[in-house]
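Hi everyone, thanks for coming.

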Amino acid sequence: MSQPANTDLRQKVNVIERNAAYLRQSGNKTMAEEEDIILSELPDDELVLQMHDDLYDGMKEEIAEGVNILLGRKWEPYRVLTEALVAGMTIVGHDFRDGILFVPEVLLAANAMKGGMFILKPLLAESGAPRMGKMVIGTVKGDIHDIGKNLVSMMMEGAGFEVHDLGINNPVEDYLEALISEDADILGMSALLTTTMPYMKVVIDTMIEKGMRDDYIVLVGGAPLNEEFGKAIGADAYCRDAAVAVETAKEYMARKHNQMAG
Amino acid sequence: MTDALSNMLATRDWILADGATGTILFNMGLTSGDAPELWNVTEPDKIRALYRGSVDAGSDLFLTNSFGGNASRLKLHGAEKRARELSRISAELGREIADAAGRPVVVAGSVGPTGEIMAPLGELTHELTVEIFHEQAEGLKEGGADVLWCETISAPEEYAAAAEAFALADMPWCGTMSFDTAGRTMMGVTSAAMVSMVEKLKNPPLAYGANCGVGASDLLRTILGFAAQGSEIPIIAKGNAGIPKFHDGHIHYDGTPELMGQYAVLARDCGAKIIGGCCGTTPEHLVAMRAALEGHAQGPRPSLEVITAALGGFSSASDGTDDATPAPRKNRRRNRG
C-alpha cells in the first residue's frame, strides 16, 4: 500500500516540474528584458533572501542553483536547509494561512523546494544532521480526497520532516503498520467527508487498545473538521491547513524532545 | 423549445432548489466508503425517496444522485466504466419523481469535480477533463435531465472544461463554485473573478453561483460579491446548513430550519434567484426556506453586518474583493511579469 502512493506522488511532482518549466518559459519572455540577477555574485545574506523570493515564486532551477552555491561556499547542508529553504517555505506557509497565496502558488513553491531537497537529502543523511521528525500521512478509509493531504506532505517536507504518504482510502491496519515500519513520530489523518471523519476515532481507539497511542503525535485535518472534533476523538491537534500543520508538528516535536531529555 | 429551467427563470421571481444529497443518503444508511451513485442501481427506492423529500418539501428544482458519477471519482470503486450508465439512471429516477409532482419541477443533473488537479499544475489535461464531463453529460441527458448542474468546483479551468463538455452534449447548464478559503475558492478565485470568467465563456450557463464552502454567512458574502459585478445572468445560492459538529459519534449540522429560513430570505435580498442548501440541509430546512420566501417580500440588499447578525460571523476577514485584502509580499527583485 505504501510504495504505490509515494510513487504516485512522485509522478505527480514530475508532471508539476514539467509544467512549471513550461510556465516559466512563457514568463521568460518578459524576464529576458529584466536585469538578470546573478546568484553567485550575491553575498550570503542577500542570496538567502533571494532564495526566499525564488521559493515564493516557485523557481525550481534557481533554488537548485542557490543551494549549490551555498554548498560551494562550505555551508553545512543542514544550514542550507533551515536558513534558505525552510525559512522560505515558512513565509509561503504564512501567506497561505493568511489567504494571500492559494493552492496553485503553494504547489509551485513546494515544487521549487523539492529541487533543493533533491540535492540536500543525501548530504543531510551523510552529515548526521538533526532529524526534524517523520510523519506517516494518509486519507482515511472511504475517502479519496487528497489535495489537502498532498499540500500537508509537501509543506512538512519543506519544513525538513520526512513524510511517508500512504495515499487515500486507508484502513487502520495500513496506518499502524506504516507507523511501526517507518519508525514515525507523527500520524497525520485527513478526511473531506463528514461520513469518513469518524473513522479517525477508530484509528485512535485501536492505537489506545494496542497501547501505542502515547508513542505518536496524532494530527488531523480536513475541511469539515474542527478543533472540537479533534479533541472529541482523542487526537493531539486539529490543523486547519498545511501551514498550521507544520507549526503544530514542530511544536509537538519540541515537546517530545524536551520530555525525552528531561 | 426552451428547457424547463429557462421557462421557470422567465416566469418566477425566485426558485427554491434542493438541499443536501450526501447528508440524507448517509442518514438512510449509506456507509462511508460506498459510492452513492451505485445506489441508483442497488437502492433505487432510497434515491426516489431522496428526490421526493425535496419535492414534497417544496423544491422547484432538485439535483440528481450523480455528484461523484464521473469516471475519475468512480475509479475508487472500480466503477469507472459505469459513469454514463449511473448518471443516466440517476436522471431517469429524477424524471419519474418530477413528472409525478403535479407542478413544474426541474431535474438538474449534478456533476461534481473530478477531484484531480488540472494541468499545468497537475496531471489532468483539459481534453481529458472535457471528455470526463462529457460522458456524464450524455448519460444525464439520456436519462431525461432538464439541465446539467456542475457544482462545488474550485478551479476555473475545471469550470471552463465543464462548459465545453456541456456544449458538446448540447444541454443547457448551471454551475456553482465552492468558496471555502478566505472567501475564495481553494484555487484563489474571488467572487468577482468568477463573474468575469462566466461572462467570457463561449457557452455561458443559464445561472451561476456558489455552493457549499464554509457557513451560510460566508456564502451570502460571496453572493453580494457576484451581485456587485452587475451581470445579467441569474445567481444561485446553495449554502450549508451551518457547520458540522461531532456529538456522540455522529455528525450534526448546527443550522436550524429557522436559520435557513432567514438565510433564504437574505439570499434573495442579496440578489440570488435560485436558492437552496447544501451539506446538512434536509427537507425540514427546505420547508422553512419555502415558507420564509413565500412569507416575506423582497427586501433591500443587506449589509455584511446584517448578514453576520442573522447567520453568524464570517470565516475570514476578507474575501478578496474589498480593501481589507492582505497584499502579496512586495520587495521581490525578480519580476514575474
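Let's start in chain A: in what order do the five strands of the open sheet stand? Keep in mind that this is a predicted model. Reading across the sheet in chain A, the order is β2-β1-β3-β4-β5, and the pairing is parallel. Now look at the edges. β2 (162-165) and β5 (237-238) of chain A each have a single partner strand, so one side of each has no neighbour in the sheet.

If you are new to sheets, here is a bit of background. Strands of a sheet pair through backbone hydrogen bonds, and they can do so parallel or antiparallel.

Let's zoom in on one pair. Strand β3 of chain A, residues 186-190, runs parallel to strand β4 of chain A, residues 217-221, and five bridges join them. To find one of these spots on your screen, pick Ser190(A): its bridge partner in β4(A) is Gly221(A).

There is a helix to see here too. Helix α7 of chain A, residues 172-181, lies across β1 (134-139), β2 and β3 of chain A, and it runs at about 165° to β1(A).

Now over to chain B. Is strand β10 of chain B, residues 272-277, mostly covered or mostly exposed? Mostly covered: five of its six residues are buried. Which strands pair with β10(B)? One of them is β1 of chain B, residues 15-16, which runs parallel to β10(B) and is joined to it by two bridges. There, Ile15(B) stands opposite Ile274(B). Another is β7 of chain B, residues 235-239, also parallel to β10(B), with five bridges. In that pair, Ala237(B) stands opposite Ile275(B).

Key: Residues numbered from 1 in each chain as written. Chains lettered and ligands numbered in written order. Predicted model: local features only at pLDDT ≥ 70, side-chain atom pairs only at ≥ 80, totals over all residues. Pairing = 2+ DSSP bridges. Helix = DSSP H or I, 4+ residues; strand = E, 2+ residues; numbered from the N terminus. Contact = placed C-beta atoms within 7 Å. Axes fitted to C-alpha atoms, helices over the stretch in contact; angles between N-to-C directions. Buried ≥ 20, exposed ≤ 12 C-beta atoms within 10 Å, placed from the backbone.
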